[in-house]
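Please keep the sequence and the model open while reading.

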Amino acid sequence: MKASSLLLLAVLASTTARAQRPVDFQREIRPVLSDACFHCHGPDANTRMAGLRLDTREGLFATRPSGAVVAPGKPAASLLIQRIHQEKPAQRMPPAASNKTLTDAQKTLLRRWIEQGAQWKEHWSFTPASRPAVPAGTWGRNPIDKFISKALAAKGLKPAPEADRRTLIRRAALDITGLPPAPADVEAFVKDSSPQAYEKLIDRLLTSSHYGEHRARYWLDAARYADTHGLHVDNYREMWPYRDWVIQAFNRNVPFDQFTIEQLAGDLVPNRTSQQQIASGFHRCNVTTNEGGSIVDEVAAMYAKDRVETTAIVWLGLTAGCASCHDHKFDPISQREFYQLAAFFRNTTQNPMDGNIPDTPPVLFVPPSSDEARWEELRAAVARINQAKTRRREEATPAFDAWKAKGGTFSAPVDPAAGLPLPELDQLKLAQGVEPGTGPDAGTPALHFKAKTTAVLDPPPAWRVEKGFTLSFWLLMPKADDAFTVMSQSVPRPARNKTDEDDDTAVPPQGWAIDIAGRVPTLRLAGENVVRVTGTNQMRLKPGEWAHLVFAYDGRSDQRGLALYIDGKQQSPSNRGNLILKGSPAVNVPITLGGEGRRHFQGGAIAGLRIYNRAVDPEEAGILAVWNKIDSDPAARLNYFLNRVDPEYRQLQTQLTAAEYERQTIARRSSVTHVMEEKRDSSPMAHVLFRGQYDQPRDQVAPSTPAVLPPMADSLPRNRLGLARWLMDPGNPLTARVAVNRMWQELFGTGLVKTSEDFGSQGQAPSHPELLDWLAVEFRESGWDMRRMYGLMFKSAAYRQSAAATPEKIRLDPDNRLLSRGPRFRLDGEMVRDLFLSASGLMSPAVGGPSVRPYQPDGIWETVAMKGSDTRFYKRDSGTALYRRSLYTFWKRSAPPPSMEIFNAPTRESCTVRRERTNTPLQALVTLNDPQLVEASRRLAQEALAAPAFDARLDVMTSRALARPFNARERGVIRKELASLMAHYDSRPEEAGKLVSVGESKAASGFPTPELAAWTMVASSILNLDEALNK
Amino acid sequence: MMNPADRRILLETRRQFFARGSSSVGALALASLMNADEARPVLPHFPGKAKRAIYLHMVGGPSQLDLYDYKPQLKEWYDKDLPETIRNGQRLTTMTSGQSRFPIAPSIFKFAQHGPGGAWISELLPNTARMAGDMCIIRTMNTEAINHEPAITFMQSGSMIAGKPCMGAWIAYGLGSMNQDLPSFVVLNASHTHPKAGVQAISARLWSAGFLSARYSGVALRAGGDPVLYINNPDGVDRGVRRRMLDALGELNQIQYETNQDPETQARIAQYEMAFRMQSSVPELTDLSKEPTSVFNLYGEEARTGGSFANSVLMARRLIERGVRFVQVYQRGWDQHNLLPETLAAQCKDVDRACYALVQDLKSRGMLEDTIVLWGGEFGRTVYSQGKLTADNYGRDHHPRCFSMWMAGGGVRGGTVHGETDDFSYNIVKDPVHIRDLQATILRQFGIDHERFTYRYQGLDQRLTGVEPARVISRLIS
């Protein structure tokens, strides 16, 4: 722009300034500064240029050597204005390299804002919400409407009239329960002449058990709930009790503060209940990995980041994740503050590697209700017995001394009744390459495997492998890194004709064997299938060193009945999981020491082998590991005394074993859900990670909250519970606004703040700021009553408007942000499927329970899955499981249900609070061709055919799908379609037969197949109507 | 957010479009019309050489040491330990970090020089070697990721954390559609043949549009069942029945529109008509019966077998021919932690001839000049053996510091070899190409400046190459 024209512009602008409307800093100025300037002149101290910041009052009004950045009333004297109009490109702001530009309109706005006095305000969402006065106005039914009509009037628009009753009940039913209304309910509502008919309807719908299901469906997007771990092998994760908790929390109308506290910190609530613990699963819904080469510190940092990001989006509407590598570019969240938030989540007992198991600790067993009382009793009993054991151990020294004085001796590590006789290893007949030699100590002879040869050991005659056993021995780890088999007793299987290249179901030889891979030991038991207990990468055997190993099996044909002890310490296996052993692992062959088939233990040695006819307990395993030191080690000697001599201690141990056994029995009947658990021996803390990198830890920080928000009260604990309470503090300016905005978004399609995930500087300003604040205060002061807030919105006249548009409304309010008409938009994918199932009568109404696998095209899982993943092959359910609500569909994160994904469902890999809503041809293909929906169309046709004639039949269909009868013109269209389809299928009955056979449920008999086929297509037409797919 | 004036124009355009009938508008254009609340970028930034790309991703990480990065002197290092000065603090995966030693495993394969640039290429790739004159081999690719999940995600989306759009989605978003009835970005998952090949997981997130609109995400073209999900009518519904049904549906929707005046309702009508047209364009696409014998002579008979790599690249050519912008082919099985000599040979056999055929086929159709073909994995493999090293068997762990990829077509400088690694193919000595550099270079060929090609998300102008520096490597392109 030429200087002269600039000047002209300035003159024009200043002379007209007084006549012009005031510039709104929040809506018109801050967003421009944020977008064009904050990147270099904002909160991030590390990239701030020229020491100038424009995101604070101090920075904006600072005086610099060359003048004031912003001189109120004096645009020409303001550096800001000078620099954006600079003629020399090199000095003009924003610089070309930033790829940012200011439009002339924006420049004019900035100038006018300064002319008008440069009023400045803190970013709106960081200031406390106070209840604004409700505007005057005649239109409407509750305060919401006054705000809406005021904004409409400002644009010269009028609200739409109320929608007709059929539209209203369908809209409300879909929004409250996610399901279309039953025809009888529609008719009752249409006929209800009471003035409160609509309010009664809303109140009734809000207490439906489907209300909680529908609300939960939105919440589970935010919670990133799914049924698999997410990364790499992406195995099953048992988590559905958490989903049930969410559904019931909505149905019980748990206040939002309690809802929040229990999900963020249910495990830390005083006198917590198991329900509160289940709720704490919110932050166990994140994606996890068990990829072989993963580095645990890196993975743990990733989980903490996800938890901070999710918490910030859901409760604060802030994109905190941006501050993990550097200070936030736009919002006042420093990198240090990000890690202070991360600290709340880093004191967890969770192993970052998920183990590819369905129940990665910490988990909670949720026993069936009939077992609940006993489960609690046992929990108390175990604690009591453990205390008594500790006490007895502390008191036992005098008794031990007395026993010693009376000549007590150390005879055998475990009660000899359990022992099975074995020859000494050096007495075996040995092949060349197997040599007797030194063991871990002089008194324990060993066999050294120098070559690929083995030794044969006859098993003790009384040994019954299938009844349970213990193998205890010393092992010398070879120096090579190969895979080994240490010993085995097994029979090869007949060779199979393997044609499937990916056959990962091959079972190892029947029997048992001890393998080592990556220096991690495993015991496998194979009958018809195989169960294993495998150590972890954290406890690898050391090359060239002896270790003591105990493998125990309790004989209960369940993988969870296998135990591994290394050097006397029980190992948490890397392959937990509730696999059941089928068939028997007992085989009638000798034990092979030093290998199995072509696998050997070359370079290793074993010593001190003992076999027992039952699983030893942890106490016994401990003694076995120190048995070679029993003559010298005082602790070992006392242990021996307690377990083998002292009747009291041994009795306690027996009780403990019995209690644990019973607990395991109940656990096997129980469901499992993932929960949060704090480490008890440390306090929450985190390190600032330089550039977000796990291997570049800097300062250690304590848990704390961002300084821009009100501080945490001193009385709050510095843990997740404190964080949750802080979020719900009435002084927090964000939580209530963010929560009511999401409710609004569910009903009206777009939030009052469109960017419902971002209330920060780069988010969109609210369309109705006063209404948002009014709702936020109302929500808080109602005691965080969610059902009440939904009720308020549903009962507003704004919600009840007709959705019919006019050209004027489309011109002035194209996206209906002002609500110049009622909300009308496409149903989400789950709702589309549920509509088909519900309208047709196919839907199973059951609430809650494990996830189900309905129809899914072949190959969706296999295409992406790892060999060996337990979610590699999709096995479709049958019966009612096919017809459950979509909320219960099994969600594999690396391949989500395609019919949902096509309708913009998120992958549930990260927190999502706002779904996109596209219309693509692929969606039409789903609703036209998905067998699930074709079957539903046929079912709807069947319902219709029970009626006597064309019109009555059509009424059945449209009343279920659309809640209204067709008019004469619409009936004409269907009549024509039906006639043509009837002619087609009458002449091709075999085609008709194919169509009505789609799906597992059988077509009802009694209707001519061509007629049913033709009506099936009619039903599909109706369910595919734009009107059906919209609310 | 679009300003109201633009919005109005768009709505008017939409009305004209529906008044005119929809038969001439492509799927993507239609989708944009139906749901536009964002302005598409003004692209290209400058004239580009490439209009489309086929990206052959060898999932698992092919061994550069056995294919393109020839190190004859390693023969003398057999079973000796990797010098600590070479390893120089490189972090290792936990699969080998516990290994007591790192014995060097020289490649057992023979190499020879090919093409005008004298590129050393392994005997495992005899056909690929024949087109060395078309290829630009980059020996100095590098990444920071050392495990598959983050590494593949990084390669595809410029970030190790899931959630960013992949390259195909970026290009679909940036350049839009060139065809009537097919998506702009299509994904194929090819099978492999060796039962013991090291298979890694992939996932739908690798062809997702991330924070871009879902309309830019890759549509999987499947070898089994419906080639595009739900494309086939149910049994007992032929095209005539579908037409009659859609006629009624359209009429009823039109009646609705007269009452509600909602433009979305008209969009719905068009959406169903587009679906109907896809129902004929997709079968036409996947029907290979009209491909002449010469094509199968070139690609090999296995190109007739749905899902094979040869079939997938032939399909890729057909997609490109029909105006699809970006075709992503994944082949798994390249994770050679053990049994490398046997399984790597099998993987190469799966792809070697087909890669050659694809490039020649594109060339003979005059399409190579504006189509980029890209081949490679997500990282390289270690010079030392994972697990037991013998004279004829070894495995290799993941290696991020250097690996090899090649490009052809689309203005890429053929017959060249770029970059040098040290004697152990462990560190880069000269001309590194970070994966961000590769992404920037590919965008450059499409006429896109990677720094200016942004999308606003979470308040930030996000880009494929992220916030770390990325350079266009001009020596790779002409």
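Is Leu835(A) buried or exposed? Leu835(A) is buried, with 25 other C-beta atoms within 10 Å. Here a residue is buried if 20 or more other C-beta atoms lie within 10 Å of its own, exposed if 12 or fewer, and partly exposed in between, the C-beta atoms being placed from the backbone.

## Basis of the model

The model is predicted; local features need pLDDT of at least 70, side-chain atom pairs count only at pLDDT 80 or more, and totals for chains, interfaces and linings use all residues. Residues are numbered from 1 along each chain as its sequence is written, and chains are lettered from A and ligands numbered from 1 in the order in which they are written.

## Surroundings of Leu835(A)

Leu835(A) belongs to helix H28 (residues 829-840) of chain A. Helices (H or I, at least four residues) and strands (E, at least two) are DSSP runs, numbered from the N terminus. Leaving aside residues up to four places away in sequence, Leu835(A) touches Pro180(A), Leu827(A) and Ala1028(A); two residues are in contact if their C-beta atoms, placed from the backbone, lie within 7 Å. Ser820(A) is 15 residues from Leu835(A) along the chain, and their C-alpha atoms are separated by 27 Å.

## Chain A as a whole

Chain A has 1031 residues, of which 51% are buried. Its secondary structure consists of 36 helices and 22 strands, and its C-alpha trace spans about 110 × 90 × 50 Å along the principal axes. Among contacts with a separation of 6 or more in chain A, 70% are between residues 24 or more positions apart.

The domain assignment, which is automatic or from a database, divides chain A into domain 1 (3-121), domain 2 (216-363 + 683-740 + 760-776), domain 3 (368-392 + 634-669), domain 4 (416-495 + 504-629) and domain 5 (929-1029). The centres of domain 1 and domain 5 of chain A, taken over C-alpha atoms, are separated by 64 Å.

## An open sheet in chain A

In chain A, 6 strands form an open antiparallel sheet in the order E7-E16-E9-E10-E11-E12. Two strands pair if DSSP finds at least two bridges between them. Strand E7 (455-457) and strand E12 (530-534) of chain A are at the edges with a single partner strand each, so one side of each has no neighbour in the sheet.

Strand E11 (residues 520-526) of chain A pairs with E12(A) in the antiparallel sense over 5 bridges, and Arg524(A) stands opposite Arg532(A) in E12(A). Arg519(A) lies in the loop between strand E10 (510-517) and E11 of chain A. Although not a glycine, Arg519(A) has a positive phi of about 65°. Arg519(A) counts as buried, with 22 C-beta neighbours inside 10 Å.

Helix H17 (residues 372-395) of chain A has 24 residues and reaches 35 Å from its first C-alpha to its last, close to the 34 Å expected at 1.5 Å a residue; the expected span is 1.5 Å times one less than the number of residues. Trp375(A), Leu378(A) and Ile385(A) in H17(A) are buried, and the cover over the buried residues of H17(A) includes helix H21 (647-669) of chain A.

Helix H19 (residues 618-626) of chain A is largely enclosed by the rest of the structure, because 7 of its 9 residues are buried. Glu619(A) and Glu620(A) are among them.

## A covered strand in chain B

All 6 of the 6 residues of strand E11 (residues 403-408) of chain B are buried. Phe403(B), Met405(B) and Met407(B) lie on one side, with Ser404(B), Trp406(B) and Ala408(B) on the other. In a regular strand the side chains alternate between the two faces of the sheet.

E11(B) pairs in the antiparallel sense with strand E4 (residues 135-142) of chain B over 5 bridges, where Cys136(B) stands opposite Met407(B). Strand E8 (residues 371-376) of chain B and E11(B) are also antiparallel, over 3 bridges, and Trp375(B) stands opposite Trp406(B).

## Contact between the chains

Between the chains, 87 residues of chain A are in contact with 77 residues of chain B. H33(A) gives the most to the side of chain A that touches chain B, with 8 residues.
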